[in-house]
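Hi,

Here is the structure I promised to pass on.

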Protein chains: 2
Amino acid sequence: MQRIVIVEDDVYLREELIHTFQKAGYDASGPASFESVEEELKALRPDLVVLDVNLPGKSGYELCKLLKAKASFAILILTARDTLSDELTALGLGADDFLAKPCHPDRLIARARRLLKTYDRQLCAVLRAGPLSLDTDTYKLVYSDKFLILAETEGKIMRLLMERYPHIVGKGELLSGLWGTEEFVDENILQVNMSRLRKNLSEIGLENVVKNIRGKGYQLEVERL
Amino acid sequence: MQRIVIVEDDVYLREELIHTFQKAGYDASGPASFESVEEELKALRPDLVVLDVNLPGKSGYELCKLLKAKASFAILILTARDTLSDELTALGLGADDFLAKPCHPDRLIARARRLLKTYDRQLCAVLRAGPLSLDTDTYKLVYSDKFLILAETEGKIMRLLMERYPHIVGKGELLSGLWGTEEFVDENILQVNMSRLRKNLSEIGLENVVKNIRGKGYQLEVERL
DNA sequence: AATACCACTTACAGCTTTTGTAAGGTTTCC
DNA sequence: GGAAACCTTACAAAAGCTGTAAGTGGTATT
């Protein structure tokens, strides 16, 4: 079943939305606190997030931007401020749809269904990091209008780098992520695969993207889009 | 550059839309006659189609449905009839967005840009046939919530079958499509690969989907979604 | 400047996957 | 019942992927 998470501070409306989606056959829920929405969403792995703009603390737009930098789920902005400029801002930040409150449940469901269809978890098992997208099933890496299909080992490395982007990924993490354990594994094999990965990346114009942090590990470095 | 095709019978509005999109940096055009829109669209290979609902002859909804059965492009419905039920119909038929006329150019551009982003030609070099989707770069075939990664030869066969769906693909077409020529190629190799393909398809619950037409060729047979 | 350490690269060989050949079985139609 | 078309399985060659080995180059520390 597809998971929908509602981020909305008005308890009453939140419950109503959750109920609406549940009735339509989705697994809907919504956090009650907004301290660590990002972590919660990461843990919940939703297929779609319905986001209110006026949240206590952080602005919904800010959150949308943050989520979209790495999101592999759709975001639907739901707001009472429905001017054209609000809509343009939302879409510009990467939101996938924008609806004004109050919104007829049928319209909301129809829009949500449409988003879930194109964001089909399987079809686009996609991980993003800046201008890069990686299909984690096939290891197809897309950069601007070029793409590259990575072998399994290189793909797994790329996945780790993108998952942690923009942070450093320790050598230990890479070793245990790829070979199960970091004991009894020659560190050289990591270097060999890094070398191969870099060579392949350069084929689609991605030079100096995988940076080594001496003694620590590796880090992805691409200009944010 | 991304191609946008406007399907709109009002000459005045059509030219205005084309101009708007061109100013925004897209390759926009629109046919003046609506006799054979389907063929035209097939030839133009657009990334996005902006579709009016009230067309002479065929209804825009009908066209939308037909196109979406095989479309690898986004469809945005633009209409003067902006009731909720119109919107629900459009979305139900597979349209990707629905806007009411008159529509502010900025909103239209923003919505179009958003669609083009998710329908990224590279990321989803996707071919559809009924409930099936095939990434033609990686040969990842998706069916409902399962997927399968095909080897190159099987993938190419699947591609031909889906491109011609729901029509028959001749044995000669398959042979020359896969091995360049249909001379000097043992027909058996096609049978072997068909066998392998069918076996793999059955792994994700697709039984009896590749049908043989004795003496003619092969045909894909899936219940339309 | 010497040393130790870390990182990079290339070549090679074993392994896996993919592909076509061959051969025998099954279905269909006259 | 027999021929033609189609299906299936097994096998071996070819291609691609992966880890080992060994040597080079760079950097930090003394």
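On the surface near DNA strand D, α8(B) gives the most, with 6 residues. "Near" is used for a residue whose C-beta atom, placed from the backbone, lies within 6 Å of the molecule or strand, and helices (H or I, at least four residues) and strands (E, at least two) are DSSP runs, numbered from the N terminus. There are 18 residues around DNA strand D, and those that come nearest are Ala151(A), Glu152(A), Gln191(B), Ser195(B) and Asn212(B). Two or more residues each come from α6 (152-164) and α8 (187-202) of chain A and from α8 (187-202) of chain B. By type, this surface has 5 nonpolar, 8 polar and 5 charged residues; Ala, Val, Leu, Ile, Met, Phe, Trp, Tyr, Cys and Pro count as nonpolar, Asp, Glu, Lys and Arg as charged, and the others, Gly among them, as polar.

Before you go further: this is a predicted model, where local features need pLDDT of at least 70 and side-chain atom pairs count only at pLDDT 80 or more, while totals for chains, interfaces and linings use all residues. Residues are numbered from 1 along each chain as its sequence is written, and chains are lettered from A and ligands numbered from 1 in the order in which they are written.

Now for the two protein chains. The contact between them takes 27 residues from chain A and 25 residues from chain B, with two residues in contact if their C-beta atoms, placed from the backbone, lie within 7 Å. On the side of chain A that touches chain B, at least two residues each are supplied by α4 (84-92), α5 (105-118), β7 (132-135), β8 (140-143) and β9 (146-149). The most come from α5(A), which gives 6 residues. That side of chain A divides into 10 nonpolar, 6 polar and 11 charged residues.

How are the copies related? The same surface serves both copies, as 93% of the contact residues of chain A recur in chain B.

Chain A itself has 8 helices and 12 strands. Its C-alpha atoms fill a box of roughly 60 × 35 × 30 Å along the principal axes. Of its 225 residues, 34% count as buried, meaning that 20 or more other C-beta atoms, placed from the backbone, lie within 10 Å of the residue's own.

β11(A) pairs with β12 (residues 217-220) of chain A over 4 bridges. Across that pairing, Asn212(A) has Tyr218(A) as its bridge partner, and Val210(A) stands opposite Leu220(A). The two strands form a hairpin with 3 residues between them, and Gly215(A) in the turn has a positive phi of about 80 degrees.

Cheers

Definitions and conventions
Two strands pair if DSSP finds at least two bridges between them. A residue is buried if 20 or more other C-beta atoms lie within 10 Å of its own, exposed if 12 or fewer, and partly exposed in between; C-beta atoms are placed from the backbone.
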